[in-house]
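Here are my notes on the model you sent over. Have a look at the structure first, then go through the points below.

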Amino acid sequence: TSVTPPDGAVFTSPAITIGGTLDDAQASIVLTGQGVQTGGSFGFALTLVAGLNTFVLSAIDRAGNASVMTLRYTYNPLSITIAAPAPGAVINDDLATVSGAVSGPPGTTVTVNGQAAQVTGNTFTAQNVVLAPGANVLTVAAMAGPLTVTQTVQVTSTNTGPSEATWATAYTVMTALCAILAVAVYAASSNVHWIVHAVHHVAQA
């Protein structure tokens, strides 16, 4: 018995047909949950569910002898394509924006090197993905329940220090910390002044 698709096949669309031919034209072919066919050839049209689908195919001759085959097919509705940066891109920065297209069921999420990307419709964008000096592999993963699909792109960062955006962020943080520290110092000095004034007042009394 010859069967297509072969055991272990992976599909990105749910509609498939399990078909083939029998060595014995008088035999019957039975597919679990799909009925019986005869005539030397067969074809069962199926709709896969997401994840692993397992079927048992049995060929039974007129004497009742059976040949059994287990078929395992995986339906992975996820797909992802990296649009930018291009493979081999040279980036003079320590941060990158990664974007592209994603297809999957509702609730599909995308990450880039573990960093969550924003998914809008069938597109994704991840900003400020950190790059190390030299070669970097960016791994984009789309996930929906137990299903995951990944794509990678290699880029090169020629930046040897923090980017302007990184310096601007650091400056903003430091400015905020200095302001907080100034307030704390002022409050502390006011309390000291009040205590000294109180002690002096008690001493005069």
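Predicted model: local features only at pLDDT ≥ 70, side-chain atom pairs only at ≥ 80, totals over all residues.

Which residue in β15 is the bridge partner of Gly100?

1. It is Phe124. Strands β11 (residues 95–103) and β15 (residues 123–130) pair in the antiparallel sense over six bridges. Strands here are DSSP runs of E, at least two residues long, numbered from the N terminus, and two of them pair if DSSP finds at least two bridges between them.

2. Residues are numbered from 1 along each chain as its sequence is written, and side-chain values use heavy atoms, with hydrogens and water left out.

3. The open sheet has four strands in the order β9-β11-β15-β14, with antiparallel pairing. Its edge strands, β9 (79–84) and β14 (118–120), each pair on one side only.

4. Now the rings: the structure holds three aromatic pairs (Phe, Tyr or Trp ring centres within 6.5 Å, using the six-membered ring of Trp; planes under 30 degrees apart are stacked, over 60 edge-to-face, the rest tilted). Phe11 and Tyr73 are edge-to-face, because their planes sit at 85 degrees, with centres 5.7 Å apart. Phe11 is in β2 (residues 10–11) and Tyr73 in β8 (residues 66–75), so this pair ties together parts 62 residues apart in sequence.

5. Phe11 counts as buried at 17% relative accessibility (buried is under 20% relative accessible area, exposed over 50%, partly exposed in between, with a 1.4 Å probe and protein chains only). Tyr73 is buried too, at 0%. Ring pairs link Phe11, Phe55 and Tyr73 into a cluster.
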